[in-house]
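I opened my notebook to go through this structure piece by piece. Here is what I looked up, in order.

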Amino acid sequence: MATEAQTTSAPLLGRVKGLGVVPVLGFTLVALLVFWIVKNFYEFPADSTQVLLIGVTTGAIYALVALGYTLVYGILELINFAHGDVFMLGGMISATFSVQVFGLGTGGGIGKWFLVLATLLIAMGFCGLINTTVELIAYRPLRGAPRLVPLITAIGMSFILQNVGLAWKGPNFISIPSILPHSNVFSIGGVTYTWNKLIVVFITVPVLIGLVYLVQNTRQGKAMRATAQDKDAAAMMGINVNRTISFTFLIAGMLAGAAGLLYALYVTNVRYDQGFQLGLIAFTAAVFGGIGNLPGAVLGALCIGLIQAFNEGFNWHAPGSDWTQSIVFAVLILILVFRPEGLLGERTPEGA
Amino acid sequence: MEDLRTGVRDAQNRFRELPQATRWSVWLGLEALLVVVLGSLDLSLGVGAGVVITIAWLNKIRDPRIRLGIEIALVVFLLIVSTSAGVLVAIGLALTWLPDVWKRLAVPGTALALVIGYPYYVGHLFTIPLFGAFPSVRTGVVMLVYVMMALGLNVVVGYAGLLDLGYVAFYAMGAYTVAWFASLQFAHHNFHFGAVGVAPNLIGFHISIWLLLVLAGILTSVTGVIIGLPTLRLRGDYLAIVTLGFGEILPQVARNGDHLFGTGFNLTNGPNGITPIDPPGFGNTLSNATGGILPANYLTAANSDRLFFWTGLVLVLITVFASWRLRDSRLGRAWIAIREDETAAAAMGVPLMRTKTWAYATGAFFGGIAGAYFAAFKSATFPGDFFFNISVFILVMVILGGMGNIWGVIVGAAFLAYLDQAGLANTGAWLNSNLGLKIDVPLYEFGIFGVILLVVMLFRPEGLIPSSRRKAEFQEGVHDEPLYDVQH
């Protein structure tokens, strides 16, 4: 008996050893997380569903910003720190146009939606232009430089854009009237879903579909994918690499502009420093999904949006909004340590 | 963009081919114009610009007699306008006449003597045009603390080439170490060891600040190693973002640390911070034994600021010595090898993880001591002191001065810390009064730092005072792309 027990336990131990400490720790963490979520949903189903809907909405906004990070990282292998601040400027131009120029408010009929759409297009164009300019000034002259150099100019650019916002709108929160209606879409068993959340999703989804179509099915998208894969080979195939990179920054900036408008209308205030924080959260989302991977960025953003909402809204053992930032960064660090390629990404030498 | 660049380069080349006399007269004309324009705005600024330009031209004069004559004339002129400026320029010019062998000792020696004596003559110094008065001794202490932090970050960024965007975490760790063990924070305990200026039966930990400085350094290094072990296998930008993450998490822990995990345990006293912190000092026994040379208590001493200044200077000197010796050591050479080419270094037998972890621990050590000393100086620590901005602020110091070069980093750190403390406000006031503007310049401090980062990285990535090796790396480039086949 004793020898039998020994022989069966030896390969078991061997397998555990082969697994290593890191995956075991990772699985334990995920299991605890799943238990926590299930427990909350079981104890407080209505509240938790409500929180889930909020998470999906913020996740949608994060997705737009995260896609900008992932597009740029995919093509230049650069963390564009200034991206969050481009998003912030998008929020500011949206505030200016929707409130001061178009005079939108809580009321208004069908004509309001055309003006919101016009603001969306203006914000997207404006941010696309800024992002392209940033690339032209801060990254293009540094194509051959060591990789940390453009990273440092990106930080510099981020601070510059932040101060542009500061000079433009001052150091205080600029509040925006709730232009999106807050009436209920449905209200079932204590779970209410309001129109403003649904509209955010309504605007996000077409933008995402358009992006996927652009990257997968157009000539320009093909050029982007080719440049991301190998710049030299792409150039040899007759692709204008610099123009493709500019185009990528334009698209990324437009997504940030759309996110800026949605954030401004959904959260109903903007401030010069919101871009940096949200940018880091969105970057985390991009890493979570696998940086350089478009569906990954959306998935990661939804996950981060949900994690944030669960943390702030759950009733049973939630750390609360004081800890949101720490939790998001802890997630980032854990992913980079345990699974640097992200949920859907491929293994890169950075993490190996 | 590219056309513009080639155009500028062509114009430069054509200008260089002109005869020397023509070139020099063009330069002189332009500089005279500059002096006149500046002088019309503010007379002292014009004079200052004139003096700087004259000194810059002195190198071109081959005949020592003419040069000496101009220098004497310049010093006499300055002595009449402003005595202190004349004396300073005279000392500087006198140093240029020394033979090179003596210069190596005389230049740092004179600089050190000037800094040591600074509290005595700061009151008699002239006002710098555009930047206002020389920094006060209190500002000087802050500058020294930042110099020390920048030197610590220089080990990580400059020597080992690891971009650390969360250096503020180490500063916070050092500051809180002092705050925990030299204040009323842990009121359930009563432990005294060498503390000065507190009643013997006062509750809380009260340990001598000198011991705590060392303890802070050690604890912070341990933190650095703990942060480093899981993350240092990541490369480049991923490492940067992870350090940034830690740099954001630690201050938030400090901010929320008054009710950790709902247990009610008060670790950091939350947003109210920990204050007051016991003052540094050597105690009455040591003070009496040395005849009052070692002060008993810094805070109650008559010349409190000066004591803090000199102690800070000693700490900076230790840091400079350590950085200098480390750079030339086996470990320092391993850092530089990793910075230049990680794969090649690994192939040559440099243990990557251990070497990088040492860089982290060393950088953290100095950051921790600097943070601890800063907290003791301010007698307080607040979670609001530890924003991401501070990490970038220290990074700008290292980059502006010249990554990897001790003197460059010192100059960069002292200059930027001065701008932060007083210089920007003075310059803003000058601009507003002389150009009729209404800009709140200090509000845009970090925008200005952003511009500095951008401009330095675009036009002079090796910094203002580069180390020759770093300069070569930036200009000739090094193998920076990861080699895929080595990884798999």
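**Entry 1: Salt bridges**

I started with charge pairs and found eleven salt bridges over all chains. I count a salt bridge when a side-chain nitrogen of Lys or Arg lies within 4 Å of a carboxyl oxygen of Asp or Glu. Side chains of opposite charge can pair when their charged atoms come close.

Before going on, I noted that this is a predicted model, in which local features need pLDDT of at least 70, side-chain atom pairs count only at pLDDT 80 or more, and totals for chains, interfaces and linings use all residues. I also noted that residues are numbered from 1 along each chain as its sequence is written, that chains are lettered from A and ligands numbered from 1 in the order in which they are written, and that side-chain values use heavy atoms, with hydrogens and water left out.

I looked at Glu43(A) next. Its salt-bridge partner is Lys39(A), with the closest N and O atoms 3.3 Å apart. Where do Glu43(A) and Lys39(A) sit in chain A? Both are in helix α2 (residues 21-43), and because they are four residues apart there, about one helical turn separates them. Helices here are DSSP runs of H or I with at least four residues, strands are runs of E with at least two, and numbering starts from the N terminus.

I then checked how open the two are. Glu43(A) is partly exposed at 38% relative accessible area, and Lys39(A) is partly exposed at 25%. My cut-offs: buried is under 20% relative accessible area, exposed is over 50%, and partly exposed is in between (1.4 Å probe, protein chains only).

Arg140(A) came next. Arg140(A) forms a salt bridge with Glu135(A), and the closest N and O atoms are 3.4 Å apart.

Arg271(A) and Asp273(A) meet in a salt bridge at 3.0 Å, N to O. Arg271(A) is partly exposed at 23%. Asp273(A) is partly exposed too, at 25%.

**Entry 2: Chain A as a whole**

I counted 13 helices and four strands in chain A. Its C-alpha atoms fill a box of roughly 85 × 60 × 40 Å along the principal axes. Of its 352 residues, 51% are buried.

I looked up contacts, meaning heavy atoms within 4.5 Å. Among contacts in chain A with a separation of 6 or more, 75% join residues 24 or more positions apart.

**Entry 3: One serine**

I picked Ser94(A), which lies in helix α4 (residues 83-101) of chain A. Ser94(A) is buried, with 1% relative accessible area. What does Ser94(A) contact, leaving aside neighbours within four places in sequence? I listed Val99(A), Thr119(A), Ala123(A), Gly260(A) and Leu261(A).

**Entry 4: Chain B as a whole**

I turned to chain B and found 21 helices and two strands. Its C-alpha trace spans about 80 × 65 × 50 Å along the principal axes. Buried residues make up 48% of its 488 residues. For contacts in chain B with a separation of 6 or more, residues 24 or more positions apart account for 67%.

Most residues other than glycine have a negative phi, and most peptide bonds are trans. I went looking for exceptions.

Which kind of peptide bond runs from Thr275(B) to Pro276(B)? I found a cis bond, with omega near -5°. Pro276(B) is in the loop between α11 (236-256) and α12 (283-289) of chain B.

I noted Thr268(A), whose phi is positive, near 60°, though the residue is not glycine. Thr268(A) lies in the loop between α10 (241-267) and β4 (269-270) of chain A. Thr268(A) is partly exposed at 21%.

Leu130(B) is my last entry. Leu130(B) is not a glycine, yet has a positive phi of about 75°. Leu130(B) is in the loop between α7 (118-121) and α8 (137-159) of chain B, and is partly exposed at 25%.
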